[in-house]
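Here is a short briefing on one protein model. It covers aromatic ring pairs and a strand hairpin.

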Amino acid sequence: MKVLIQRVKKASVTIENNLYSKINKGILAFVGIEKGDSAELVEKMAKKVVNLRIFPDENDKMNMSLLDVQGEMLIVSQFTLCGDCKKGTRPSFDKSAPPEIANELYENFIKEVAKYDIKTGTGKFAAMMDIELINDGPVTFMLELENK
């Protein structure tokens, strides 16, 4: 499982020229589900993301979590995170989970984040989306977890 997170001042998803979802200060999370990922891994990743200390404290040090700052999260499914570009010039998506499994685990991730009373917005699985954001920092991290 791969989750690319960006600390944002605000972010939104537009689908077919209609605003679908938006957040204010918080995290934009792009979620990539790979073959072999599980509900347990999703739970672990959600806990990691909401507790990751990437927001500044009073001394401008990254010492506060999304929970600490009462931020919001925009969660967008992005299978291209699972793409492998090591060989040739065309990405391979062999590591991506099949759509049915990926959608189920993506929805699980949304539910796990919501358990922390975080205001969430989402994208729409498998839709063509326009994502707008104001990156705060910029601060961007790639998180990866694997079943063992």
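**Aromatic pairs and a hairpin**

Tyr106 is buried, at 1% relative accessible area. The model is predicted. A search of the whole structure turns up two aromatic pairs.

**Phe79 and Phe93**
- The ring centres of Phe79 and Phe93 lie 4.9 Å apart, with the planes at 55°.
- Phe79 and Phe93 both sit in the loop between β6 (72–77) and α2 (99–114). They are 14 residues apart.
- Phe79 is partly exposed, at 48% relative accessibility.
- Phe93 is also partly exposed, with a relative accessible area of 32%.

**Tyr106 and Phe125**
- The rings of Tyr106 and Phe125 have centres 6.2 Å apart and planes at 40°, so this pair is tilted.
- Tyr106 belongs to helix α2, while Phe125 lies in the loop between β7 (120–122) and β8 (130–144). The pair therefore ties together parts 19 residues apart in sequence.
- Phe125 has 24% relative accessibility and counts as partly exposed. Tyr106, at 1%, is under the 20% cut-off and so counts as buried.

- Strands β1 (residues 2–15) and β2 (residues 18–23) run antiparallel. Five bridges join them.
- Ser12 stands opposite Lys22 in β2.
- Two residues separate β1 and β2 in the hairpin. Glu16, in the turn, has a positive phi of about 50°.

Notes
Residues are numbered from 1 along each chain as its sequence is written. This is a predicted model: local features need pLDDT of at least 70, side-chain atom pairs count only at pLDDT 80 or more; totals for chains, interfaces and linings use all residues. Side-chain values use heavy atoms; hydrogens and water are left out. Two strands pair if DSSP finds at least two bridges between them. Helices (H or I, at least four residues) and strands (E, at least two) are DSSP runs, numbered from the N terminus. Rings of Phe, Tyr and Trp (its six-membered ring) pair if their centres lie within 6.5 Å; planes under 30 degrees apart count as stacked, over 60 as edge-to-face and the rest as tilted. Buried means under 20% relative accessible area, exposed over 50%, partly exposed in between (1.4 Å probe, protein chains only).
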